[in-house]
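Please keep the structure in view while reading.

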Amino acid sequence: MTTWLITGIGGGLGRALAEAALARGDTVVGTTRKDSDPEFEAIAPGRAHALSVDLTDEASVKAAVAKAEEITGGIDRLVNNAGYGLIGAIEEVSIEEAKALFDVNLFAPLRMLRAVLPYMRARRAGHVVNITSVSGHAPWAGTALYGASKYAMECVGQTLAQEVAPMNIRVTNVAPGGFRTGFAAAGLKIAEADIADYEDVAHFARRSLTEGAGKEKGDPARGAAAILTALDAAEPPLHLFLGEDALHYAGDQLEFVGKQMRAWEALSLSTAFEPA
């Protein structure tokens, strides 16, 4: 039996993953912004536990992790899932809006890592799972700050994997494409500023996401099953893309970067000192 700590089990991929883990007999501690979640705990009494946590407060996070360790006897897998989207051209997004986004999408996972890793290091075992986004690999106009928060988590996860590998702790970054969750509805915020010059470029993201809400190709239940399969593998991946769109956009971006590198290779190499 595996023990899990999953942030943001109120809905979406976090809820689907928690339910999939519980369905196979695992124990799940899930964080929620609500005071309680009896509906979640009723899924598997004694194995489903909901904790009210303010992920923007380090003391609240540390207390929740200590409680989760007590409940489970030791967290095997931490899933940094909680987060939200922010749409707007770079010029439209205020510094305050950007800070609030990063506090949840980047600093909250860092708080969780700082609280969980001491326990995993002591046991010389554990698995950290970061739910990022294909937008953290393939940027598109109108999503810069959201994508930047996911780019940052991609880097954190990749670097963390190097740092904790000697302690038998593994890391997997999961980059979903579009899934039929509440992300494009309740989980999406729009920049307060609205500049008409961006209507045909950056504002496309707003129209695309809001008009496509509830029509995404990704099935959260199947996404959760895919994550379980990957994490249970003898050699779990560092990078896991979910959905045809995630593979497509990330693949196109990697190809574009490769072409740029090759096209400008001679100039890149011209910067070295002349041989003595």
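This is a predicted model: local features need pLDDT of at least 70, side-chain atom pairs count only at pLDDT 80 or more; totals for chains, interfaces and linings use all residues.

## Strands β1, β2 and β3

Strand β1 (residues 3-6) pairs with β2 in the parallel sense over four bridges. In that pairing, tryptophan 4 stands opposite valine 28 of β2. On to the next pair: β2 and β3 are joined in the parallel sense over five bridges. Glycine 30 stands opposite alanine 50 in β3. Threonine 31 has leucine 51 of β3 as its bridge partner.

How many residues of strand β2 are buried? Six of its six residues (27-32) are. Both faces are covered. Thr27, Val29 and Thr31 lie on one side, Val28, Gly30 and Thr32 on the other, and all are buried. Strand β3 (residues 48-52) is also mostly covered, with four of its five residues buried.

## Helix pair α4 and α5

Helix α4 (residues 95-123) and helix α5 (residues 144-164) have axes that come within 9 Å. The axes cross at roughly 15 degrees. An angle under 35 degrees counts as roughly parallel, and α4 and α5 are therefore roughly parallel to each other. The crossing is right-handed.

From α4, the contact uses Ala98, Leu101, Phe102, Asn105, Leu106, Pro109, Leu110, Leu113 and Leu117. From α5, the contact uses Leu145, Tyr146, Ala148, Ser149, Lys150, Ala152, Met153, Val156, Leu160 and Val164. By class, these residues are 16 nonpolar, two polar and one charged.

## Helix pair α3 and α4

Which helix packs with α4 at an angle of about 35 degrees? Helix α3 (residues 58-72) does, and the two axes are 8 Å apart. The crossing of α3 and α4 is right-handed.

Glu58, Val61, Lys62, Val65, Ala66 and Glu69 make the contact from α3. Arg111, Met112, Arg114, Ala115, Val116, Tyr119 and Arg123 make it from α4. This contact has seven nonpolar, no polar and six charged residues.

## A loop residue: threonine 143

Threonine 143 is found in the loop between β6 (126-131) and α5. Is threonine 143 buried or exposed? Its relative accessibility is 4%. Buried means under 20%, so threonine 143 counts as buried. Not counting residues up to four places away in sequence, threonine 143 touches Leu86, Ile87, Gly88 and Ala205.

Technical notes:
Residues are numbered from 1 along each chain as its sequence is written. Side-chain values use heavy atoms; hydrogens and water are left out. Axes are lines fitted to C-alpha atoms, for helices over the stretch in contact, and angles run from 0 to 180 degrees between N-to-C directions. Helices (H or I, at least four residues) and strands (E, at least two) are DSSP runs, numbered from the N terminus. Angles under 35 degrees count as roughly parallel, over 145 as roughly antiparallel, 65 to 115 as roughly perpendicular and the rest as oblique. A crossing is left-handed if the near helix is turned anticlockwise from the far one by less than a right angle, and right-handed if clockwise. Contact means heavy atoms within 4.5 Å. Ala, Val, Leu, Ile, Met, Phe, Trp, Tyr, Cys and Pro count as nonpolar, Asp, Glu, Lys and Arg as charged, and the others, Gly among them, as polar. Buried means under 20% relative accessible area, exposed over 50%, partly exposed in between (1.4 Å probe, protein chains only). Two strands pair if DSSP finds at least two bridges between them.
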